[in-house]
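Thanks, everyone. Let me walk you through one model, starting with its ligands and ending at one residue.

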Amino acid sequence: MSDALALTGTLFDLDTFAVHDGPGIRMTVYLKGCPLRCAWCHSPESQRAAPELAYTADNCVYCGACAAACAQGVHSVSHGSHTLAREACLACGACVAACTHRALSLKGYTATAGEIIARADRMRPFFSASGGGITLTGGEVTLQPAFSQAVLAGCHQRGLHTAIETCGACSWAVLESLLPHTDLVLYDLKLIDDDAHRRWTGASNRQILANARRLGALAGGPAVQVRVPLIPGITDTDANLDAILALMSSAGLTDLALLPYNPSAAAKYDWLGRAYALEAEPQTPEQLAAWALRAAATGIHATID
Ligand code: SF4
Ligand code: SF4
């Protein structure tokens with residue numbers, strides 16, 4: 001095996017029949033670790049780089065098998081009560097193996113680039129029939145650049161369509177290193193106002209907006225689709241959407257996907273012992289249609305995903 005194929009990445013999921021992460025049937029690889037902390041993140045298990053323990057209270061019967069299996073003393077179980085000292089957890093998986101009630105799982109595992117490429121290769125008939133391919137997403141693909149580059153290059157060499165989804169919060173050099181092996185960039189934009197971006201994602205958007213402009217200015221680079229998660233009252237305001245359209249127009253980016261609010265994230269936060277601060281209603285079809293028309297008026301093709 002070549003050095004590149006032996007490179008290891010940390011994943012939290014892999015979906016072999018995804019349909020929302022690029023054209024056709026996709027094998028979507030979810031990488032662990034993200035530099036942002038979006039208040040609405042629907043994959044909180046993606047945020048930390050290292051594997052972590054998830055606990056589903058509804059499945060727990062308080063048998064105490066996990067406490068007996070854990071050398072770190074993470075689990076305290078008594079009648080009807082189960083608390084976790086998560087800060088002591090080493091993510092060894094011993095308690096997961098001991099729990100026969102599927103109340104525990106580890107979010108995060110490693111795989112080599114060669115394993116991912118081989119798996120994508122086995123999907124070739126489905127990709128060929130549907131115009132699909134492999135998509136690396138997260139988490140954040142640019143936080144594991146060597147692994148991502150190895151997977152993308154290996155798939156490209158085998159003639160597979162490749163896509164990445166990125167939040168753009170990385171150096172241009174890192175993002176640029178992935179582009180020769182990428183057919184489609186799904187580029188997430190949330191908020192144009194930097195103060196609002198800091199407040200809702202925990203980081204400035206300056207690098208993100210600069211990278212978006214550089215992507216738009218590339219000659220002969222991959223196709224780029226801007227993706228905007230529509231978070232009620234935060235990213236879906238007229239002012240923010242108009243600012244995104246203005247940035248896209250000035251950068252020469254003409255493909256936009258509007259992602260309606262998905263309120264189903266709260267349960268995942270419970271599993272990880274974290275608080276979910278956002279509760280809101282999805283946008284109406286009328287609102288979505290109006291924003292698509294607004295984009296079309298500026299020469300930008302918008303789809304609702
Ligand atoms: S082993 Fe599973 S079911 Fe038993 S107490 Fe631990 S988490 Fe709950
Ligand atoms: S994963 Fe390992 S260290 Fe963490 S709670 Fe389970 S047994 Fe203990």
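A residue counts as near a molecule if its C-beta atom, placed from the backbone, lies within 6 Å of that molecule. Keep that cut-off in mind for the ligands. And keep in mind that this is a predicted model.

Ligand 2 first. Its surrounding residues are L53, A69, C70, Q72 and V74, then C89, L90, A91, C92, G93, A94 and C95. By class, that shell has 10 nonpolar residues, two polar and no charged.

Now ligand 1. Here 14 residues form the surroundings. C60, C63, C66, C99 and A103 are the closest. The shell splits into 11 nonpolar, three polar and no charged.

Next, the domains. Domain 1 comes in two pieces, 3-48 and 109-304. Domain 2 covers 52-107. How far apart are the centres of domain 1 and domain 2? Taken over C-alpha atoms, 33 Å. The contact between them involves six residues of domain 1 and seven of domain 2. On the domain 1 side, three of the residues are nonpolar, one is polar and two are charged.

On to the cores. In soluble globular proteins, nonpolar side chains tend to be buried together. In this model, the largest nonpolar core has 58 residues. Which of its residues touch the most other members? They are V29, L136, V151, Y187 and V226. Helix α6, residues 145-157, gives the most to this core: five residues.

Take V29 as an example. Leaving out residues up to four places away in sequence, V29 touches L11, L14, I116, I134 and L136.

V74 is among the residues around ligand 2, and C99 is one of the closest to ligand 1.

Last stop, D305. You will find D305 in the segment after β13, which runs 301-304. Buried, exposed or partly exposed? D305 is partly exposed, because 14 other C-beta atoms lie within 10 Å; buried would take 20 or more, and exposed 12 or fewer. Beyond its neighbours within four places in sequence, D305 is in contact with H20, A257, L258 and L259. As for N211, it sits 94 residues from D305 along the chain, and their C-alpha atoms are separated by 23 Å.

That's the tour. Over to you.

Key. Residues numbered from 1 in each chain as written. Chains lettered and ligands numbered in written order. Predicted model: local features only at pLDDT ≥ 70, side-chain atom pairs only at ≥ 80, totals over all residues. Nonpolar A, V, L, I, M, F, W, Y, C, P; charged D, E, K, R; others polar. Domains from an automatic or database assignment. Contact = placed C-beta atoms within 7 Å. Core = buried A, V, L, I, M, F, W, Y, C linked by C-beta atoms within 7 Å. Helix = DSSP H or I, 4+ residues; strand = E, 2+ residues; numbered from the N terminus.
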